[in-house]
Amino acid sequence: MKPSVLRHGMNLWPPFLFSGIHVADIAPDWSHARVELRMRPWNRNYVGTHFGGSLFSMSDPFWMLLLMQQLGRDYYVWDQSGSIDFIKPGRGTVWTRFDVGPETLAEVRAATAGGAKYLHWFENEIFDAAGDVVARVRKQVYVRRKPDRRPAQGEGAAG
């Protein structure tokens, strides 16, 4: 799937559409994404700021998606764990960015080359329009190289 198709689909996906989450950009090579959360009357909490769950939701799938797309079909990639620290009340449109660079890909590939699982922590900050940090999100992603399904050299199929 092309990043632009996924971006468009995610922007129409009801959990994002109705919570004010907007995927602004996904790089053609899956190396980064930018996501915004727009303040709406239906996504404010009692004191008029963004719900904490909405702030976490805008970060939820992106580390896994970017890593999965860059690694390809030879890997299992799952969200393992996550946490959020609220720094200050979020008002207006807030945004975050996810970057999965070549160093991270090399680290993950090296750690999983022998078939072992690898747990990698990612962190992103959520900013308001003034550039102040509203929240800090940490996500732990599970990665394991899929077992080779082909018989080893010299082994034939049983028959």
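Strand 4 (94-99) and strand 5 (118-127) pair in the antiparallel sense over 2 bridges, where pairing requires that DSSP find at least two bridges between two strands. The model is predicted: local features need pLDDT of at least 70, side-chain atom pairs count only at pLDDT 80 or more, and totals for chains, interfaces and linings use all residues. Residues are numbered from 1 along each chain as its sequence is written, and side-chain values use heavy atoms, with hydrogens and water left out. Helices (H or I, at least four residues) and strands (E, at least two) are DSSP runs, numbered from the N terminus.

- The 6 strands of an open sheet follow the order 1-2-4-5-6-3, with antiparallel pairing.
- Strand 1 (21-26) and strand 3 stand at the edges with a single partner strand each, so one side of each is left without a neighbour in the sheet.
- From one strand to the next, the twist averages 20°; axes are lines fitted to C-alpha atoms, for helices over the stretch in contact, and angles run from 0 to 180 degrees between N-to-C directions.
- Threonine 96 has isoleucine 126 in strand 5 as its bridge partner, and isoleucine 126 also stands opposite alanine 135 in strand 6.
- Strand 5 and strand 6 pair in the antiparallel sense over 10 bridges.
- These two strands, strand 5 and strand 6, form a hairpin with 5 residues between them, and glycine 131 in the turn has a positive phi of about 90°.
- Tyrosine 118 stands opposite valine 143 in strand 6.

**Helices against the sheet**

- Helix 4 lies across strand 1, strand 2 (32-37), strand 3, strand 4, strand 5 and strand 6, and runs at about 155° to strand 3.
- Helix 5 lies across strand 3, strand 5 and strand 6, and runs at about 160° to strand 5.
- In helix 5 (residues 102-112), the buried residues are Thr104, Leu105, Val108 and Thr112; buried means under 20% relative accessible area, exposed over 50%, and partly exposed in between (1.4 Å probe, protein chains only).
- These residues cover an arc of only 100° around the axis, which puts them on the same side of helix 5; the arc is that of the directions from the helix axis to the C-beta atoms.
- Pro102, Glu103 and Ala110 are exposed on the other side of helix 5.
- The cover over the buried residues of helix 5 includes helix 4 (62-71), strand 3 (75-86), strand 5 and strand 6 (133-145).
- Pro3, Leu6, Met10 and Asn11 are buried in helix 1 (residues 3-12).
- Their arc around the axis is only 135°, which puts them on the same side of helix 1.
- Helix 2 (14-17), strand 1 and helix 4 are what the buried residues of helix 1 pack against.

**The nonpolar core**

- The largest nonpolar core has 35 residues, and those with the most contacts inside it are Leu55, Met58, Phe62, Leu67, Leu71, Val77 and Val143; such a core is a set of buried Ala, Val, Leu, Ile, Met, Phe, Trp, Tyr and Cys residues joined through side-chain atoms within 4.5 Å.
- Helix 4 supplies the largest share of this core, 7 residues.
- Neighbours within four places in sequence aside, valine 143 is in contact with residues including Leu67, Leu71, Val77, Val108 and Tyr118; contact means heavy atoms within 4.5 Å.

**Histidine 50**

- Histidine 50 is found in the loop between strand 2 and helix 3 (52-57), and counts as buried at 4% relative accessibility.
- Its side chain reaches the backbone oxygen of glycine 92 at 2.7 Å.

**Histidine 120**

- Histidine 120 lies in strand 5 and counts as buried at 11% relative accessibility.
- A polar contact of 3.2 Å joins the side chains of histidine 120 and tyrosine 118; the term denotes a pair of N or O atoms within 3.5 Å, where within protein one must be able to donate a hydrogen and the other to accept it, and residues adjacent in sequence count only if both atoms are side-chain atoms.
- Leaving aside neighbours within four places in sequence, histidine 120 is in contact with Thr104, Glu107, Lys139, Gln140 and Val141.

**Tryptophan 30**

- Tryptophan 30 has its place in the loop between strand 1 and strand 2, and is buried with a relative accessible area of 9%.
- Phi of tryptophan 30 is near 65°, a positive value in a residue other than glycine.
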